[in-house]
Amino acid sequence: IAVGTGSDSGNVDGTGSYRTYATGATVNSLAGLRMNSLQCRRSLNVYWKTAIYLNSVSDVRVFAGVTASSSAPASSSDPLNALEGVGLWLDSAVSANWKIGHNDSSGAGVYDDTTVTALTSTLYPIEVYGVADTKFRLVALGQSTDITANIPASGTGLAFWIYIENTTGSDRTMRAYYAIIKNDK
């Protein structure tokens, strides 16, 4: 994902191998990683995992999760508006806390507060599971949360997004360490 002045680079240091995603200084630039095909399904017990590390938690929006879109996301305070998906969400203009975002595409996304404040210099492993075709489970922030309402339909094709967006004219960066996605056959 490189919308506006967004860019990425590969890095290796004592924390591991990762990609650094930088928004650039243009307001509402996005940078990140996405899957460009809708190959996964809740009905096939989709499993998705990543780990992100934020270098900035002010003037940012961050999303990491599965969506029914293989296109690059657009600048939005509601990335799941009219879009099926489940993921971890931060919009620092609204709250310093991480939210669990989910939607079945029937309107605005639903964002449940985790009460966990987003921090810099912290590794955030994130997992999203389709469980027995009845729900999604998001495991992150030391919490495991089952989501049964306003979720992608059983057969909806899913991909993933991991991105950061700046909301002012300042460069913002994050790291992504890996992205794993699989389905039952």
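Q: Is Tyr129 buried, exposed or partly exposed in this predicted model?
A: Buried means under 20% relative accessible area, and exposed means over 50%. Tyr129 has a relative accessible area of 26%. That value falls in between, so Tyr129 is partly exposed.

Q: Is Tyr47 buried or exposed?
A: The cut-off for buried is under 20% relative accessible area. Tyr47 has 14% relative accessibility, so Tyr47 counts as buried.

Q: What kind of aromatic pair do Tyr47 and Tyr129 form?
A: The structure holds nine aromatic pairs. In the pair of Tyr47 and Tyr129, the rings lie 4.9 Å centre to centre, with 55° between the planes. Planes under 30 degrees apart count as stacked and over 60 as edge-to-face.

Q: Which kind of pair do the rings of Trp98 and Tyr124 make?
A: Their centres are 5.2 Å apart, and their planes stand at 70°. An angle over 60 degrees counts as edge-to-face. So the pair of Trp98 and Tyr124 is edge-to-face.

Q: Which strands do Trp98 and Tyr124 tie together?
A: Trp98 and Tyr124 are both buried. They are 26 residues apart in sequence. Trp98 lies in strand 8 and Tyr124 in strand 10, so the pair ties together strand 8 and strand 10.

Q: Which residue in strand 8 is the bridge partner of Val86?
A: Strand 7 covers residues 84–91, and strand 8 covers residues 97–104. The two pair in the antiparallel sense over six bridges. In strand 8, the partner of Val86 is His102.

Q: Which are the edge strands of the open sheet?
A: Seven strands form this sheet, with antiparallel pairing. Their order is 1-4-13-6-7-8-9. An edge strand here pairs on one side only, and that holds for strand 1 (2–3) and strand 9 (110–117).

Q: How many residues apart in sequence are the parts tied together by Arg61 and Glu165?
A: The side chains of Arg61 and Glu165 meet in a salt bridge of 3.2 Å, N to O. Arg61 lies in strand 6 and Glu165 in strand 13, so the pair ties together parts whose separation is 104 residues.

Q: Which residue is linked with Arg61 and Glu165 in a network of salt bridges?
A: Side chains of opposite charge can pair when their charged atoms come close. Arg61 and Glu165 are both buried. The network that links them also includes Asp91.

Q: Which residue forms a salt bridge with Asp59?
A: Asp59 is partly exposed, at 30% relative accessibility. The closest N and O atoms are 3.2 Å apart, and the partner is Arg172.

Key. Residues are numbered from 1 along each chain as its sequence is written. This is a predicted model: local features need pLDDT of at least 70, side-chain atom pairs count only at pLDDT 80 or more; totals for chains, interfaces and linings use all residues. Side-chain values use heavy atoms; hydrogens and water are left out. A salt bridge is a side-chain nitrogen of Lys or Arg within 4 Å of a carboxyl oxygen of Asp or Glu. Buried means under 20% relative accessible area, exposed over 50%, partly exposed in between (1.4 Å probe, protein chains only). Helices (H or I, at least four residues) and strands (E, at least two) are DSSP runs, numbered from the N terminus. Two strands pair if DSSP finds at least two bridges between them. Rings of Phe, Tyr and Trp (its six-membered ring) pair if their centres lie within 6.5 Å; planes under 30 degrees apart count as stacked, over 60 as edge-to-face and the rest as tilted.
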